[in-house]
Amino acid sequence: MAETGRLTRTAPAAPMFSPVTLLRVAIILAFLAGWELLSRSGWLYRDVVPSWLAIGKALADLLLHADYYFNLGVTAGEIAAALAIGGVSGLAVGIVLGSNRFLAKAYEPYLYYLGPTPKIIFFPIMIMWFGVGPGSKIALGVLSCFFPVALSAAAGMRQIDKVLIKVGKSFRANTWQTVWKIYLPAMRHPIINGIRLGLGVALIGTLLAETKLSNKGIGFLIIQAYSVFDMPRMYAMLIVLFVLAIGANALVGRLGGLHTIRR
Amino acid sequence: MSAAARRRSVYDWMPAALGIGTVVVFFAALEGLIQAGLINRFIVPPPSEIIGSFGRVLTEEHVVSRFFFTLGECFVAGVMITVFGVAGGVLLYRYKLLQQAVETWVAALAAAPVVLAYPLFMVIFGRSAWTIIMIGFVAALSPVVLKTLEGLSGTRKVLINVGKSFNLTGSQQFWKIMFPAALPTMFVGVRLGLIFALINIVGVEFLINYGGLGQLINDLAERYDLPGTYAAICFVILVSVVFFMFLEKAERWLRPVD
């Protein structure tokens with residue numbers, strides 16, 4: 001059988017690095033070089049822009065120090081508690097409002113308009129109610145994450161296919177079974193989206209509260225580094241914190257299967 | 001009025017009445033519990049005292065000038081996010097390779113807790129309004145960039161083809177077709193950006209004890225003026241809600257039909 005040129009022609013070798021990757025590397029290198037240049041130029045006060053060597057050393061020092069992990073554990077515990085309390089209460093309120101149009105019209109505007117207010121301003125009240133310990137930080141985290149979870153859950157409830165609910169009714173599912181077997185699986189994506197948003201704002205709320213008044217946690221370490229003007233350490237902590245925050249956000253989205261949604 | 005129409009109008013105002021009624025009952029119950037000594041008035045001041053302290057806070061604490069100070073910071077941050085955000089979005093739309101390389105970074109910046117870097121900004125800009133404005137700017141930039149990009153990328157093909165059929169130049173195509181078509185989506189980004197900016201600006205004012213409304217709350221809390229603190233918090237909530245509603249109305253005006 002005669003072979004056609006189209007079948008025998010080999011595909012051109014793919015370049016080792018795509019242009020996008022090369023551009024990304026170029027941008028990162030340009031940023032690092034620009035930073036180092038600025039650091040050595042003396043244009044800014046010493047240590048405002050420390051050299052990468054100093055930041056790297058501070059980063060290694062930070063990650064090798066047990067004290068850092070203790071404080072990271074404190075903050076992680078506060079955020080987890082805030083997310084658990086705020087997430088569960090937000091979910092419950094969202095399900096109630098999403099399943100009842102009358103209640104939604106009565107109460108949802110309050111959630112909708114209170115949601116975007118700056119939550120850190122409630123910190124003095126939280127200190128009065130829950131003390132200066134972890135309680136006030138958790139409370140601020142709860143307050144921050146409640147609103148996005150509740151609003152996402154309410155919106156998710158309204159998007160559930162009515163057929164699914166009718167199927168549940170035809171099987172005589174009780175309230176608990178309907179919530180557990182129909183509502184929650186059907187609104188998985190809006191809930192995960194809400195939890196993602198909730199995690200982000202709970203993290204910010206908890207850490208900001210720690211920077212304002214605390215004696216342990218990552219927020220405390222950041223403000224301590226600021227007060228002794230240890231800039232390389234502060235940069236190192238912010239880098240780790242940003243990586244952890246973005247990583248946690250991406251992880252929640254991935255675990256919830258958000259990447260599988262067809263757009 | 002027919003019975004059905006009457007039922008409909010009752011159904012329209014009943015939920016709002018229930019919402020307002022719940023708030024009133026909650027505060028009345030709180031007042032009663034505090035007056036009865038079941039809740040410590042040195043932790044939660046009675047709502048009547050909070051309402052009574054509104055006038056004092058407004059006059060003695062220069063709330064109006066503080067409000068305009070915060071509004072000024074929001075305005076500067078808003079102008080900056082609009083100029084740089086729209087320019088960034090246009091740049092990413094114009095250069096596809098750049099867009100593919102950095103779009104995920106811009107989205108990641110939106111998820112990053114930028115406000116936590118406020119001590120760093122204080123070192124760079126000092127304890128000044130610029131620290132507050134710059135945090136508002138950095139925290140609110142990415143939604144404007146992303147929404148501008150989304151708006152330009154979503155311009156309908158038929159509109160672009162109309163421009164081509166009129167032999168428009170690149171600049172004319174952008175200003176007469178692409179930009180007006182993308183404007184409503186861009187404004188969604190600007191609205192989100194302004195909300196982020198306001199949240200961060202008031203938050204940082206509170207944290208660094210400088211500026212307008214955020215500093216007012218910190219000041220009153222440090223003086224242990226509890227009714228005043230609660231009244232100031234209510235005032236900030238009111239300002240945020242009005243700001244949010246105003247932006248929503250502006251967006252609806254700009255996007256009359258979805």
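Me: Hi, new to this one. How much of chain A counts as buried?
Reply: Of its 263 residues, 39% count as buried. Keep in mind that this is a predicted model.

Me: Okay. What is chain A's secondary structure made of?
Reply: Chain A has twelve helices and zero strands. Read from the N terminus, its elements go α-α-α-α-α-α-α-α-α-α-α-α.

Me: And is chain A compact or spread out, going by its radius of gyration?
Reply: More spread out than a compact globule, because its radius of gyration is 25 Å, well over the 18 Å that the globule rule gives for 263 residues. Along the principal axes, the C-alpha atoms of chain A fill a box of roughly 85 × 70 × 35 Å.

Me: What share of the contacts in chain A join residues at least 24 apart?
Reply: That's 75%, counting contacts between residues at least 6 apart in sequence.

Me: Let me pick a residue. Where does A:Ala150 sit?
Reply: You'll find A:Ala150 in helix H7 of chain A, which covers residues 134-159.

Me: Is A:Ala150 buried or exposed?
Reply: Buried: 29 other C-beta atoms lie within 10 Å of A:Ala150, and 20 or more is enough to count as buried.

Me: Which residues is A:Ala150 in contact with, leaving aside its neighbours within four places in sequence?
Reply: A:Gly90, A:Val93, A:Gly94 and A:Leu111. As for A:Gly98, 52 residues away along the chain, its C-alpha atom is 9.3 Å from that of A:Ala150.

Me: Switching topic: how many residues does each chain bring to the contact between A and B?
Reply: Chain A brings 41 residues and chain B brings 35. On chain A's side, the elements giving two or more residues include helix H2 (19-41), helix H10 (188-212) and helix H12 (231-255).

Me: What classes of residue are on that side of chain A?
Reply: The side of chain A that touches chain B has 34 nonpolar, four polar and three charged residues.

Me: Now chain B. How far apart are the end C-alpha atoms of helix H8?
Reply: They're only 47 Å apart in helix H8 of chain B (residues 170-208). A straight helix with its 39 residues would reach 57 Å at 1.5 Å a residue.

Me: Where is the kink in H8(B)?
Reply: At B:Leu183, shortly before the proline B:Pro184, and the kink is about 50°.

Me: What follows H8(B)?
Reply: B:Asn209 does, and its phi is positive, near 55°.

Me: Last one: which domains is chain B divided into?
Reply: Domain 1 (9-38) and domain 2 (56-254). The C-alpha centres of those domains of chain B lie 35 Å apart.

Methods. Residues are numbered from 1 along each chain as its sequence is written. Chains are lettered from A and ligands numbered from 1 in the order in which they are written. This is a predicted model: local features need pLDDT of at least 70, side-chain atom pairs count only at pLDDT 80 or more; totals for chains, interfaces and linings use all residues. Two residues are in contact if their C-beta atoms, placed from the backbone, lie within 7 Å. Helices (H or I, at least four residues) and strands (E, at least two) are DSSP runs, numbered from the N terminus. Ala, Val, Leu, Ile, Met, Phe, Trp, Tyr, Cys and Pro count as nonpolar, Asp, Glu, Lys and Arg as charged, and the others, Gly among them, as polar. The radius of gyration is taken over C-alpha atoms; the globule rule is 2.2 Å times the number of residues to the power 0.38. A residue is buried if 20 or more other C-beta atoms lie within 10 Å of its own, exposed if 12 or fewer, and partly exposed in between; C-beta atoms are placed from the backbone. The expected span of a helix is 1.5 Å times one less than its number of residues. The bend at a residue is the angle between axes fitted to the seven residues ending there and the seven starting there. Domain bounds come from an automatic or database domain assignment.
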